[in-house]
Amino acid sequence: MVEGSRVRRFLQQAGEALHTTYARKALVAGASFLTGLLCARGLVFGRYAPFGIAVAAAAPRGGLWAAVLGAFLGYLFPSPVYVPIRYEAALIAVAAIRWSLSELRGVNTHPLYAPAVAFLPLFLTGMTMVFLNGSMSYTAALYLAESFLGAGCAYFLTRTAGLFLGPDRKSGRTLLQAPLEGGDVAALTVTVAILVLAFSQVSLSGVSLGRILMVLLVITCARAGGISGGAVAGVTAGVVQGLSTAGLSYLSGAYGLGGLMAGVFAPMGKAAAAVAFIVSHGVASLQVGSGDTRLVTGAIEVAAATVAYMLLPKSRWLTEAFGLRRDSLSGGALRGNIVMRLKYAAQALTNVHASVEEISQKLSALCAPSLQGVYDRSAEAICAGCGMSAACWRKHKAETLENFSQLAGPLKAKGKVETGDFTKAFVERCGRAGEMRDELNKNYNRYLMKEAAELRAAQIREVVEEHFKTTAGILDEMAGEFSLYQQFDEEAAQRVADVLRDNGITPLEVCCRIDRFGRMTMEAEIERERQKRLNRGTFTREVSAACGRMFSPPCVSVSQDRCRIQMCQRPALEVGRGFSQSSAGNGTFCGDSASVFADGCGRLIAVLSDGMGTGGRAAVDGAMTSAMAESLLKAGIGFDSMLQTINAALMAKSGDESLATLDLACIDLFTGEAQFRKAGAACTILRRGRRTEVLEASSVPLGILPGVEFASCQRDLGPGDVVVLVSDGVVAAGHEWLADLVADWDEGENPNAFAQRITDEAKKRRSDGHEDDVTALVLVLV
């Protein structure tokens, strides 16, 4: 297992090296040259060598000339090849065809392009030899068979090259991301067998190094892939080796039967698979006769391959590549994943709902539902224990009521009543007029509070109604998101759970799902306190090995006592970040708040919020908006629903006006598609190639009106493009200077240093006598 881990780490490092431009070109050229050289040495029918031509036809664009050179040298070296100059002419023809059609992407990306390019030169040069030599029909048939072999080999080589040279921008699939499809396994096996064929001519006393390597290939594939792996490798090795040299056709049956039986007994262990192959190969070889020396050399070759096989460590990657695990759609896994996602979304909404409910309960406890209630409560409190109550409310009831009704004017005008506002008759009759005055003023103050509360309650009701719409939007967005997932890999989920347990963490729920682009996303739920035991770097490597795919570091979100871990496959793009911020007047608090995070689904999201004004109040609004946006987006809530939720929270959190802007940039790191959304935010500067663009949009900040909406736009980005998000303090003196600064930016400059230059320049250009918080966030795609 230790050796297997080292092999996986080496393969992952090689895959990472392929993502750098210069290393990729060098590796592609070197691999193409070596493959062309070796394949040109492989023979069929004893003296025909079509495989070098196939390599030249199938080589990737960056390795074409290296493959041609390698194959050319391979044909020049002494060998039993019949008329080597014919193959060199065919090589020139292949190179000419590919060069002339290199710009026709619709043609040279077709699956049959490489087979056709290999077939035509082989067939035409072969037929030319037939006409020149006056050969018989049998020789013509050999040339035709050779041409078809070259075409088939070109197809498999093209498919193998595609596995190594991923990832595709949509699927992100590479050779390292097992399991492979059946066709990919066959292509890879055929490619290895053809490469090994070059060593068949290296022999000692009849014992061939190439056949030893063939047997080793068959047994190894049988051990890793079971019946399917052994059968594919056995048939492939048998056919390739059987066609190579006359008199070795029996190897087709021997290798095929041996591979099949080794796969059958592979679950019993390494030794069982080896013994099964030895016995099966021996039985199939008896057809050559008891006195034939090929029996002895064949036995020696199998024995040497078996010893080498027993010394090799078991490869976990090979097991997964042969597809012993499969992606299956499970109702239980689907239900568990949906429940987990909805629970986190509901929890994020509950926090807002609890605040609104608390405010409503406190306001409903206030008294005095109307102005008449002010009079009634005051009369009840003062007149209940008075001896003159009967005279006032029975004998002089009409005068008493008239006295109270005329108090509405003074109350509304002055906010209180005085003794002189009572009628003269009431004051002469009532011995507690002073107490009545004080009670009326107290209850009227309560009435004013209730009136304000009524207005606030109406606003809250409006927010709650909007909240129902937001919740419906959230559920709709999640339904759309789940429609993208086509498969759930329960076996990968189980291996991830084992990784968590190995790290001392008990998983509560683990789900591995695959979308329609073939990309895997892993989600796990653990207890919150267990999060501290998680080393993100180590965990990422272990999950990548367990799932057979290269993952990005996890996105971790926390809700109450639970922690949610989400990871997606490593995308094609990465983003360099730069940040600089300065508060107004070098104050302690800054009203701007920014955050950059991965959402666990292959997207990078940048958030910039600017609270109203400067100082502590602005800092609270800006930080609250930024933090809520990050929390809700990590929980899987969509952009529009997130906006409505934060807007409702800002409107309901206090009686004072509370508003903030929100600026979002979301970049899909697989496709380069970027979405920009603004709610009252300043402009964004975008540089694509050498062209600079200012993204401006008219929109309303959060916390002012219900039903606020984003102003949004979309652009396609690629490596080297730059996105600059700024607060309004940066562009107070205009944005033209900022656009020029971004256009002149040198890619060698550190993004942090560039962000610092932006904020420094913004402070220098502020000339209106006012100060504001300034923030710059720089994103560079690499």
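Modeller: Strands (E, at least two residues) and helices (H or I, at least four) are DSSP runs, numbered from the N terminus. Keep in mind that this is a predicted model, where local features need pLDDT of at least 70 and side-chain atom pairs count only at pLDDT 80 or more, while totals for chains, interfaces and linings use all residues. Residues are numbered from 1 along each chain as its sequence is written, and side-chain values use heavy atoms, leaving out hydrogens and water.

Now for the sheet. Five strands make up an open, antiparallel sheet, in the order E8-E17-E16-E13-E14. At the edges sit strand E8 (575-582) and strand E14 (691-695), each pairing on one side only. On average, neighbouring strands here are turned by 15° against each other, direction ignored; axes are lines fitted to C-alpha atoms, for helices over the stretch in contact, and angles run from 0 to 180 degrees between N-to-C directions.

Zoom in on one pair: strand E16 (residues 722-726) runs antiparallel to strand E17 (residues 774-781), with five bridges between them. Valine 722 stands opposite valine 780 in E17.

Helix H26 (residues 736-743) touches strand E13 (684-688), E14 and E16, and its direction makes about 30° with that of E13. Helix H27 (residues 751-765) touches E8, E16 and E17, with its direction at about 30° to that of E8.

How values were computed. Two strands pair if DSSP finds at least two bridges between them. Contact means heavy atoms within 4.5 Å.
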